[in-house]
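Take the points one by one and find each place in the picture as you go.

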Amino acid sequence: MKFATKAIHAGQEPDPTTGAVMTPIYQTSTYWQKSPGDNKGYEYSRGTNPTRKALEDCLAALENAKYGLAFSSGMGATDAVLKLLQPGDEVITGNDLYGGSYRIFTKIYTKYGIKFHFLDLSKPENILPYINDKTKLVWIETPTNPTMQIIDIEGVAKITKEKNLILTVDNTFASPYLQNPIDLGADIVMHSVTKYIGGHSDVVMGALVTNNEQLYKDLWFIYNACGATPGPQDAFLVLRGIKTLHLRMKAHCENGERIAHYLKKHPKVDKIYWPGFEDHPNHDVAKKQMRGFGGMISITLKGADLQETFRISSSFKVFTLAESLGGVESLINHPATMTHGSIPKEEREKVGVTDNLLRLSVGVEDIDDLLEDLERALA
């Protein structure tokens with residue numbers, strides 16, 4: 001099936017009891033057993049739930065994978081991957097990361113003896129000097145949050161397969177509509193389902209997908225044992241959101257492109273980060289591994305200090321000043337004090353996350369209203 005068909009049908013058969021076309025919300029914590037251990041595949045909803053299972057099968061299909069797991073948040077999914085590691089193991093990751101990922105790496109897992117290397121991953125070979133017999137995992141985002149760095153997934157995957165390392169790709173910014181890391185050699189794909197997949201800013205959820213049966217079994221054990229699993233109502237809402245993912249992503253991409261070109265010429269914009277520009281670092285890689293450039297854009301404001309940046313970010317009428325991204329409504333975010341506030345200032349600024357940087361999540365409103373809002377706020 002093509003993507004749009006999978007988004008609407010994958011994992012979702014008519015309900016065998018009633019014939020309901022939409023997956024029912026199985027609002028139950030436990031399940032009848034004919035005799036101990038003799039059940040219909042469901043025992044307790046922390047581990048298995050029919051509504052969640054339909055969503056997991058759909059998510060796997062969208063990423064061209066065999067196995068999917070849904071978590072109560074993107075950080076719950078990230079946490080499960082890190083629990084595959086042992087004290088003394090080492091992880092290679094990028095130097096531009098979502099602040100929550102940086103925080104869990106440095107504030108939680110370093111305490112358990114895991115070592116993290118934060119690198120410039122603009123070239124896959126940059127990881128080679130850091131690989132040793134303790135290296136177990138390579139974790140990448142692409143495009144990165146918030147400076148939209150593009151990492152060559154296929155190039156990194158060639159190295160990780162040769163060195164027998166697990167490659168996990170955070171695919172949140174692209175969504176499975178624009179990019180499929182499994183097809184490029186990734187072992188695990190992570191999503192903050194809260195963002196584009198859910199798409200309506202009404203659910204917090206995460207997901208992992210993989211083609212590796214042993215990784216799936218190991219992750220399922222962690223998922224069930226540790227319990228960071230979502231309820232059926234949230235699973236239902238995400239299934240509903242997915243049905244328009246292809247339509248929403250087209251609109252995000254169209255609006256994003258118009259706004260990126262507008263901002264690039266704006267006299268108050270110093271730098272702009274959007275992978276669709278030919279002069280964006282690794283633009284050719286983005287063209288190769290993505291089917292579009294998305295609706296995420298970051299800018300720095302020319303000559304603006306923190307106070308002026310706050311003033312501008314608070315001046316929008318259509319864009320909403322808020323954390324998160326990927327919903328149908330346009331959002332504006334100040335990473336230095338919001339999503340990336342947990343990263344030390346000196347580390348943030350090394351990769352361009354400065355006090356005058358704003359991140360835009362371009363929604364699907366009328367483009368003229370969005371452009372007018374930018375014109376007014378930047379005046």
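This is a predicted model: local features need pLDDT of at least 70, side-chain atom pairs count only at pLDDT 80 or more; totals for chains, interfaces and linings use all residues.

1. Let's begin with strand β7, residues 206-210. How many of the five residues of β7 are buried? Five of the five are, so the strand is largely enclosed by the rest of the structure.

2. Now look at which way those residues point. In a regular strand, side chains alternate between the two faces of the sheet. In β7, Gly206, Leu208 and Thr210 point one way, while Ala207 and Val209 point the other way, and all are buried.

3. Which strands pair with β7? Strand β1 (residues 67-71) runs antiparallel to β7 and is joined to it by five bridges. To find this pairing on screen, look for phenylalanine 71, which stands opposite glycine 206 of β7. Strand β6 (residues 188-192) also pairs with β7 in the antiparallel sense, over five bridges. Here isoleucine 188 has threonine 210 in β7 as its bridge partner.

4. Strand β2, residues 90-94, is the next stop. Five of its five residues are buried, so β2 is largely enclosed by the rest of the structure. Both faces are covered: Glu90, Ile92 and Gly94 lie on one side, Val91 and Thr93 on the other, and all are buried.

5. β2 pairs with strand β3 (residues 115-119) in the parallel sense over five bridges, and threonine 93 stands opposite phenylalanine 118 of β3. With helix α4 (residues 99-108) included, β2, α4 and β3 make a right-handed β-α-β unit. β2 also runs parallel to β4, with four bridges joining them; valine 91 has leucine 137 in β4 as its bridge partner.

6. Strand β4 (residues 135-141) brings us to glutamate 141, which has its place there. Is glutamate 141 buried or exposed? Glutamate 141 is buried, yet it has no salt bridge. The nearest side chain of opposite charge belongs to arginine 359, 8.3 Å away.

7. What does the side chain of glutamate 141 reach instead? One answer is the backbone nitrogen of tyrosine 98, at 2.7 Å. Another is the backbone nitrogen of asparagine 145, which lies 3.0 Å from a polar atom of the glutamate 141 side chain. Leaving aside neighbours within four places in sequence, glutamate 141 is in contact with Asp96, Leu97, Tyr98, Ser101, Ile151 and Asp170.

Technical notes
Residues are numbered from 1 along each chain as its sequence is written. Side-chain values use heavy atoms; hydrogens and water are left out. Buried means under 20% relative accessible area, exposed over 50%, partly exposed in between (1.4 Å probe, protein chains only). Helices (H or I, at least four residues) and strands (E, at least two) are DSSP runs, numbered from the N terminus. Two strands pair if DSSP finds at least two bridges between them. Lys and Arg count as positive and Asp and Glu as negative; His and the chain ends are not counted. A salt bridge is a side-chain nitrogen of Lys or Arg within 4 Å of a carboxyl oxygen of Asp or Glu. A polar contact is a pair of N or O atoms within 3.5 Å; within protein, one must be able to donate a hydrogen and the other to accept it, and residues adjacent in sequence count only if both atoms are side-chain atoms. Contact means heavy atoms within 4.5 Å. A crossover is right-handed if, with the strands pointing away from the viewer, the path from the first strand over the helix to the second runs clockwise.
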